[in-house]
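Please open the structure in your viewer and keep the selection tool at hand.

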Amino acid sequence: SSTSSLRQVAADAAAFLRIKHHSTPTADGPPTATDLPFFGGEQGNACRRAALEKFKNDESIQVKKDALLAIMATDLYHTAVERCGPEIQMYDRASGLVCLLEEESSYNTTYASFWGGDNSYYGYVYYDGAYDLATIMEYTLSFTVLSSNVGCLADCYLGGDGCTELENWLTYSGTICKEQFCSLKWGEIDEAYHALRVCAAQAIAQPTDGDKDEYVSATHSNQVTSNLCAFNYCTSN
C-alpha cells in the first residue's frame, strides 16, 4: 500500500542516518557530538530543548507562536502527530545532533539563524519535529496546497539552482560553504523534514487542486530529489 511504502521511505532514511554517522566514541572523557554513533542522545535532546525554550520565551514573535499553537490544537494536527510519531522522533534526533555540533563549531551561522534570521529566536522552532510539523501545516494551509517544493534544500545553503523560490527570502542564501553544511549535518534535519512532510501528507492531505495521490506523489518526489542532491554534495570531492 502507499502508506506502507511511505513508512519504508522513513525506515530507509533512518537506517541511512545510522550507517552514515557510525563512529567509535573516544576513550577519555564524555563523548562529543562527533563521537556519538547515531545521534546526539540525551545530550542532543537537552541541547535542542534548550534551543526550543529560547523560541518559546521570545516575546517578540508572540504572533507567530500563537499561530503555530492554534494549528497544534487542531484535530488535523493531532492526526498527523499520531500517524507520524517515528518521523517526529527521527527529526528530533537529527536536530539534537546538529545542535551539539553547532555548539562545538566555530561557524557563526546556525541552522536556526539560516532559516529564521538573526532578529529573533524564531529559527529554533526548526529544532523540534512537532513544532516544525506545525510550520509545514502553516505554509501548506494544512496540506491543501503544495506551497514551495524546493528542488534541493542544500542549494539554499550552497548557492545552487534548486532554491530560486526561496533565495530572496533567506538572509544567508548561498553563503554557507560545503564543509559547514556537511560537517554540521544540516542535511540530516532536512532529510527528517522531508520524511515528516511526506508522512503528514499521506495522513491528512486534502488538496484543493488535484487528488491526494498526486499530492503525496509530488511531495515524495521532492523528498527523493532533495535528499539525493544533499548526499551528492557531501560525497563529492
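Select Asp-209 to begin: with a relative accessible area of 70%, Asp-209 is exposed, where exposed means over 50% relative accessible area, buried under 20% and partly exposed in between, with a 1.4 Å probe and protein chains only. Asp-209 sits in the loop between H10 and H11; the helices (H or I, at least four residues) and strands (E, at least two) are DSSP runs numbered from the N terminus.

A word on the model before moving on. This is a predicted model, in which local features need pLDDT of at least 70 and side-chain atom pairs count only at pLDDT 80 or more, while totals for chains, interfaces and linings use all residues. Residues are numbered from 1 along each chain as its sequence is written, and side-chain values use heavy atoms, with hydrogens and water left out.

Now colour the whole chain by secondary structure: the protein chain has 11 helices and 0 strands. Of its 237 residues, 49% count as buried.

Next, select Arg-48, Asp-92 and Asp-128 together, which are linked in a network of salt bridges, a salt bridge being a side-chain nitrogen of Lys or Arg within 4 Å of a carboxyl oxygen of Asp or Glu. Asp-92 forms a salt bridge with Arg-48, the closest N and O atoms being 3.2 Å apart, and this pair links distant parts of the chain, since Asp-92 is in helix H5 and Arg-48 in helix H2 (residues 41-56), 44 residues apart. Arg-48 also meets Asp-128 in a salt bridge, at 2.9 Å from N to O; here helix H2 is linked with the loop between helix H6 (111-116) and H7, where Asp-128 is found, the two residues being 80 residues apart.

Glu-53 is partly exposed at 37% relative accessibility, and Lys-56 is partly exposed with a relative accessible area of 36%. The structure holds 3 salt bridges.

Then show the cysteines, where the count comes to 5 disulfides, a disulfide being a pair of cysteine sulfur atoms within 2.5 Å. Begin with Cys-84 and Cys-199, whose sulfur atoms are 2.2 Å apart. The torsion about their S-S bond is about -100°, so the disulfide is left-handed. Cys-84 lies in the loop between helix H4 (75-83) and helix H5 (85-104) and Cys-199 in helix H10 (residues 186-204), so this pair ties together parts that are 115 residues apart in sequence. Both cysteines, Cys-84 and Cys-199, are buried.

Move to Cys-156 and Cys-163, a disulfide with its sulfur atoms 2.0 Å apart; with 90° about the S-S bond, the link of Cys-156 and Cys-163 is right-handed. Cys-156 and Cys-163 are buried.

Cys-182 and Cys-234 follow, a disulfide with sulfur atoms 2.1 Å apart. Cys-182 is in helix H9 (residues 178-183) and Cys-234 in helix H11 (residues 212-235), so the pair ties together parts that are 52 residues apart in sequence. Cys-182 is buried at 18%, whereas Cys-234 is partly exposed at 37%. Which cysteine sulfur is closest to that of Cys-177? The closest is in Cys-182, but at 8.8 Å it is too far for a bond.

Finish in the loop between helix H7 (129-139) and helix H8 (153-158), where Leu-141 is found. Most residues other than glycine have a negative phi. Leu-141, however, has a positive phi of about 55°, and Ser-142, in the loop between H7 and H8, has a positive phi of about 60°. Leu-141 is exposed at 52%, whereas Ser-142 is partly exposed at 24%.
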